[in-house]
Amino acid sequence: MDKPDRDPSLFDDADDPELTDEKTAEPVFKDELNLAEFPIASLADRVPDGQTTLVFEDRLDRRDGPPIVRRLTIMGTAKHGLPTSMDDEILVGLIQLTKRWNNFTEPKVKFSRYELIELLGWPQTGQSYRRIEEALHRWVGIVLSYENAWWDNTEKSWVDENFHVLDNVTLFDKERRRPSRSAGAAQEAGVRKRGKRGNAPPPLSSFKWNEVIFRSFQSGNLKQIDLEFYLKLRLPTTKRLFRFLDKRFYRVDRLEFDLRTFACEHVGLSRSYKPTELKRRLRPAIAELEQQGFLEAMSEEDRYLRKARGSWQIVFLRGPRGRSTIEPTAEERLELMAMLTNRGVTSRIAVELVERYPPEMLRAKVAIFDWMAGQDDKRLARNPAGYLVASIRDDYQAPEGYIPPDDAEVLARAEASVAEEERRRREAEIEADERLRAEEAAEVARIAELRTRWDALSSADREAIKAQVKAAHPGLRRSRVALERFCLETLDARLNGQGPPGQPFLFPDDDA
């Protein structure tokens, strides 16, 4: 088949420094970290008719008080429905097109469907074109609602966000047409002339990211993804596991999760499944990742740890391909170097550390260093900068009592929320106590008034009331306290005109 005369694909230009890893000369592909944390699409190829909402959530445990719930709600339209596993794959492709065409400098990206199909490794058929068009229309309609679950990389905080993934999509039908054979032959012969993006006119079709997700791109909330590995994975469940675990395997070789939370809230399996069924559904995906070297092979006994009846933990060990790299931008590198040099590290060593170690590790070690300085830790007395450098190179463990800033911020917000709830509860209790005391005082005053009224009655009137009460309550004859109470209540009823039918008022001339 002749190769079309098209704009350069993502797999071209391996020598372009903007698009390649300098160490490997391989194209650099990206994944957005929030989109790798929770599923944003169904695992199925088709969502049941009428279903327009998916909800996923987990809990962040805290030292004191109840856990904090992170929740993602995915809302589709009645016309296009919810995203499927193939839509998720297309979205990954759109991230790569954005990297390719403008390196995340503009939210609007011009593209051709041919290029996207080639990137995804799909056949160049009408069905592939239709599938992409359906997915793009669906992503324009999808609303993602994050509750305390969207990481704002600029503010370094979990926030609430509600947004469409794509603001708009423009598709030109004539781009479906195949390029001519002569153009393809010229390309194969190496005749094609290329500038930075080639001489071919830019594509006509385009899509535009929503501001929220594009801000996340620009803030560097990205990680490298082995796109070729991802696209070769056979099962949608495997691809979902890969993206989530690839994010979480960051400076750690072992991960452990609650089985139900992992399988249902981060992979997207049904919450109706029992643990045995969850294990069965995960087994093919885990096996595929083990065969590809992303995960270390483990026995079922080692993979699943029973914590209590019906409660299991799932364990993953990183394999030789289980690497996750989050690259700093040029601005972030400068920021990291300044962060180190401001604490006494020489410029030469700061450059070495920034080039060698992940940004989040450097920030974590500096945060620990600052905390220790605030505690007047004796380990910093002799050579503070030397200790900081050694803590990074040798990966020192955090001192006892240290709480990472992000966790501390989450805890502080949660504790403030709990404190506010406690304040409101106490105010409600005080108000209820005051109301109860007022009611009791009013009751005491009412009884005192009734006693005064009772004492003012004639003997005949008192005996008439007693006789009425004893007739209605024969068991009260031996209980003087109860008899007195019922007599006063009967007196109160008659004073307020609530006597039995035909019963004349005891005090017809009494205004009270």
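The legends below describe an overall view and several close-up views of a predicted model.

**Figure 1. Overall view of the predicted protein chain, with 18 helices and 12 strands.** Of the 512 residues of the chain, 44% count as buried. The exposed surface comes to about 27900 Å², and carbon and sulfur atoms supply 49% of that area. Among contacts between residues at least 6 apart in sequence, 68% join residues at least 24 apart.

**Figure 2. Crossing of helix α17 (residues 459–472) and helix α18 (residues 480–495).** The two helix axes come within 9 Å and cross at roughly 110°. Angles of 65 to 115 degrees count as roughly perpendicular, and α17 and α18 are therefore roughly perpendicular to each other. The crossing of α17 past α18 is right-handed. On the α17 side, the residues in contact are Ile465, Lys466, Gln468, Val469 and Lys470. They meet Leu483, Phe486, Cys487, Thr490, Leu491 and Arg494 of α18. Sorted by class, this contact has 6 nonpolar, 2 polar and 3 charged residues.

**Figure 3. Crossing of helix α8 (residues 236–248) and helix α9 (residues 259–267).** Here the axes come within 11 Å, with a crossing angle of roughly 105°. That angle makes α8 roughly perpendicular to α9. Helix α8 contributes Thr237, Arg240, Leu241, Phe244, Leu245 and Arg248 to the contact, and helix α9 contributes Phe262, His266 and Val267. By class, the contact of α8 with α9 has 5 nonpolar, 2 polar and 2 charged residues.

Figure 4. Is threonine 52 buried or partly exposed? Its relative accessibility is 29%, so threonine 52 counts as partly exposed. Leaving aside residues up to four places away in sequence, threonine 52 touches Ile74, Met75, Gly76, Thr77, Ala78 and Leu82. Isoleucine 142 is 90 residues from threonine 52 along the chain, and the C-alpha atoms of the two are separated by 9.4 Å.

**Figure 5. Phenylalanine 104, in the loop between α2 (85–102) and β4 (108–111).** The phi angle of phenylalanine 104 is near 65°, a positive value in a residue other than glycine. Buried means under 20% relative accessible area. Phenylalanine 104 has 7% relative accessibility and therefore counts as buried.

**Figure 6. Asparagine 148, in strand β5 (residues 143–152).** What is the phi angle of asparagine 148? Phi is near 55° for asparagine 148, which is a positive value in a residue other than glycine. At 17% relative accessibility, asparagine 148 counts as buried.

**Figure 7. Aspartate 226, in the loop between β9 (222–224) and α7 (227–232).** With a relative accessibility of 34%, aspartate 226 counts as partly exposed. Which distance separates the C-alpha atoms of aspartate 226 and valine 28? These C-alpha atoms are separated by 8.3 Å, while aspartate 226 and valine 28 are 198 residues apart along the chain.

Key:
Residues are numbered from 1 along each chain as its sequence is written. This is a predicted model: local features need pLDDT of at least 70, side-chain atom pairs count only at pLDDT 80 or more; totals for chains, interfaces and linings use all residues. Side-chain values use heavy atoms; hydrogens and water are left out. Helices (H or I, at least four residues) and strands (E, at least two) are DSSP runs, numbered from the N terminus. Buried means under 20% relative accessible area, exposed over 50%, partly exposed in between (1.4 Å probe, protein chains only). Contact means heavy atoms within 4.5 Å. Accessible areas come from the Shrake-Rupley method with a 1.4 Å probe; for residues, only the protein chains shown count as cover. Axes are lines fitted to C-alpha atoms, for helices over the stretch in contact, and angles run from 0 to 180 degrees between N-to-C directions. Angles under 35 degrees count as roughly parallel, over 145 as roughly antiparallel, 65 to 115 as roughly perpendicular and the rest as oblique. A crossing is left-handed if the near helix is turned anticlockwise from the far one by less than a right angle, and right-handed if clockwise. Ala, Val, Leu, Ile, Met, Phe, Trp, Tyr, Cys and Pro count as nonpolar, Asp, Glu, Lys and Arg as charged, and the others, Gly among them, as polar.
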